[in-house]
Amino acid sequence: MLNRFLRVVVCVSFTIPGLSSAQQSDVTDSLQSLDSAQNVLAELESRYNINDPSLVEPLEQLANLYIELNEFEEAHVALDRATQITRMTEGLYSPRQLPLLQKKIDNYASRGDWDNVRNHSEHLLWLYREKTPVTPELVAHLMDLTGVYLRGVAEDQPLQQGYHLLQALESNRLALLVAQSIWGEYDPRTVPVLYQLLKQYHLQTIAVNRGGKTGYTLRELVPGSGWVFEKGLVRRTNHAIGVGILNQIGDVYAHIEPVDQEAIAMVDLYLADWEVLFTNREEAVVLYQEAYQGLLEAGVTRDQINEYLMTPEILPVDDFYPAVSVAMAERISLQQLPTYNVLANTGATMHFDEWSEAFPNVKSPVESGGSAELDSNFALFSFNLLGLNQVTRWMGGRYHSGIGVAEDAAIIQSQLRTPIPDEGLILKLHTLRFRPSLLNGEPAQSTGKLVYLMANQD
């Protein structure tokens, strides 16, 4: 292991001269921790049986350090050994192995080994469904697995996108069933699970609209049958399911004592956003006004409502916020991040971080560990939002109609790793949907600037 340690030190010292001093310090700390963890493990191995349960925790800690250093093969060896010890000492279906299996799957994904990700994820989902006690931890585990499948949509082979979307939906649904069985149907802890499910139906709708193999897979009556539902039917079904999910969220806050009127009004706001995504203008206008009135009745002042709603939002919003103050606090906290500080220097009012080429008009549905490189791969746009005017454009070989879309778009600046024609950049902006500026609950005209961060094509 000492030779291994020296090789990593040499690699870090001589092949990454561009690291900042802070990054170099982090790497040095990780290497020192790795050396210490290896010594601890060696000492325990000399004291106990090589399959002693006390080795599981230091093996997992060792794997974590290898992962920090992108030493994925060594991490796999440590995790695999920890898993085998757990199975031998506690049984084939030991709950203790579950976080180890999840970490192994994450590690496979980081290595780009998506064949093993798919195989092991199916096994893990089966364990969760058939062999795992129903606990709050299971909800978190299932949502983690949902995240792995969503990551696969962007990182696995394009032909596997439909598979990953279907599996992510299945894992999310199971998480909701577990959450409701533990906490009850009307517990606020179910809301994040419900909202993630809503965003998945949005992703599936986009995929169906785009067509191709992925859209075809999502339309099949039975996987592999070759019989498919008509696109319009799938779209209408997904719209209805989304309305149902948002109404479920509303029911949660309606059963709180006392009833949370502000959260219910926020549900109306999100329902209006959902109608914008599905180009239902009349419904959206009515719901935005109902949301505004509901917020007023809940005690939120007119000025507070207008301060929040006069700034457009890219849809769908990342999370469900049950109060205007919570949504505003989140907006302010994001504006204090380094990314937003850079954007402020451009005069931009918004930014959009593209998930992948396959889904250029949605943000990543899972948190990314990376950081956007604003100085090398972005386009800065100016544009207008004319309320909820319906706009029809020729895109992708056919006409598309939408509301809440940018108009009069212009490119102010672009700095791209891979050149993209101006019309291609404008098309990217035109795929986005916005909650419009709302003044006293009514859609209003506004102008803005947006930094569009391109997906990593590496």
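Helix H9 (residues 191-210) and helix H11 (residues 231-254) pack with their axes 10 Å apart, at an angle of about 165 degrees. An angle over 145 degrees counts as roughly antiparallel, and H9 and H11 are therefore roughly antiparallel to each other. Their crossing is left-handed. On the H9 side, the residues that meet H11 include Val-191, Leu-194, Tyr-195, Leu-198 and Tyr-201. On the H11 side, Val-234, Ile-241, Ile-245, Ile-249 and Tyr-253 are among the residues that meet H9. Please keep in mind, as you explore, that this is a predicted model.

**The chain as a whole**

Stepping back, the chain has 458 residues, and 48% of them count as buried. It holds 17 helices and nine strands. Among contacts with a separation of 6 or more, 70% come from residues 24 or more positions apart. The chain exposes about 21900 Å², with carbon and sulfur atoms supplying 52% of that area.

**The largest nonpolar core**

Which residues have the most contacts inside the largest nonpolar core? They are Ile-249, Met-266, Phe-320 and Phe-359, in a core of 83 residues. Ile-249 was already on the list for H11, where it takes part in the meeting with H9. Not counting residues up to four places away in sequence, Phe-320 touches Val-191, Tyr-195, Ile-249, Tyr-253, Ala-263, Met-266, Val-267 and Tyr-270. Val-191 and Tyr-195 belong to the H9 side of the helix pair, and Ile-249 and Tyr-253 to the H11 side.

**Two more helix pairs**

Two packed helices are described by the angle between their axes and the distance between the axes. Here are two further pairs to compare by eye.

| Helix pair | Axis distance | Angle | Crossing |
|---|---|---|---|
| H8 (residues 161-183) and H10 (residues 212-219) | within 8 Å | roughly 40 degrees | right-handed |
| H14 (residues 302-309) and H15 (residues 324-335) | within 10 Å | roughly 40 degrees | left-handed |

The axes of H8 and H10 cross at roughly 40 degrees, and these helices are therefore oblique to each other. Their contact is made by Gln-161, Gly-162, Leu-165 and Leu-166 of H8 with Thr-214, Thr-217 and Leu-218 of H10. H14 and H15 are likewise oblique to each other. In that pair, Gln-304, Glu-307 and Tyr-308 in H14 meet Val-324, Ala-327, Met-328 and Arg-331 in H15.

**Two buried residues in helices**

Is Leu-127 buried or exposed? This residue of helix H6 (residues 114-130) has 2% relative accessibility, and buried means under 20%, so Leu-127 counts as buried. Leaving out residues up to four places away in sequence, Leu-127 touches Tyr-93, Gln-97, Leu-98, Leu-101 and Thr-132. One of these, Leu-98, is 29 residues from Leu-127 along the chain, and the C-alpha atoms of the two are separated by 8.5 Å.

Thr-86 sits in helix H4 (residues 72-90) and is buried as well, with a relative accessible area of 1%. Setting aside neighbours within four places in sequence, Thr-86 is in contact with Val-56, Gly-91, Ser-94, Arg-96, Gln-97 and Leu-100.

**Details in the loops**

A cis peptide bond joins Glu-257 and Pro-258, with omega about -5 degrees. Pro-258 lies in the loop between H11 and helix H12 (261-277). The peptide bond from Leu-315 to Pro-316 is also cis, with omega near -5 degrees. Pro-316 is placed in the loop between strand E1 (313-314) and H15.

Where is Asn-70 found? Its place is the loop between helix H3 (56-68) and H4. Asn-70 has a positive phi of about 60 degrees although it is not a glycine. Thr-279, another residue other than glycine, has a positive phi near 60 degrees, and Thr-279 lies in the loop between H12 and helix H13 (281-297).

Terms used:
Residues are numbered from 1 along each chain as its sequence is written. This is a predicted model: local features need pLDDT of at least 70, side-chain atom pairs count only at pLDDT 80 or more; totals for chains, interfaces and linings use all residues. Side-chain values use heavy atoms; hydrogens and water are left out. Helices (H or I, at least four residues) and strands (E, at least two) are DSSP runs, numbered from the N terminus. Buried means under 20% relative accessible area, exposed over 50%, partly exposed in between (1.4 Å probe, protein chains only). Contact means heavy atoms within 4.5 Å. Accessible areas come from the Shrake-Rupley method with a 1.4 Å probe; for residues, only the protein chains shown count as cover. A nonpolar core is a set of buried Ala, Val, Leu, Ile, Met, Phe, Trp, Tyr and Cys residues joined through side-chain atoms within 4.5 Å. Axes are lines fitted to C-alpha atoms, for helices over the stretch in contact, and angles run from 0 to 180 degrees between N-to-C directions. Angles under 35 degrees count as roughly parallel, over 145 as roughly antiparallel, 65 to 115 as roughly perpendicular and the rest as oblique. A crossing is left-handed if the near helix is turned anticlockwise from the far one by less than a right angle, and right-handed if clockwise.
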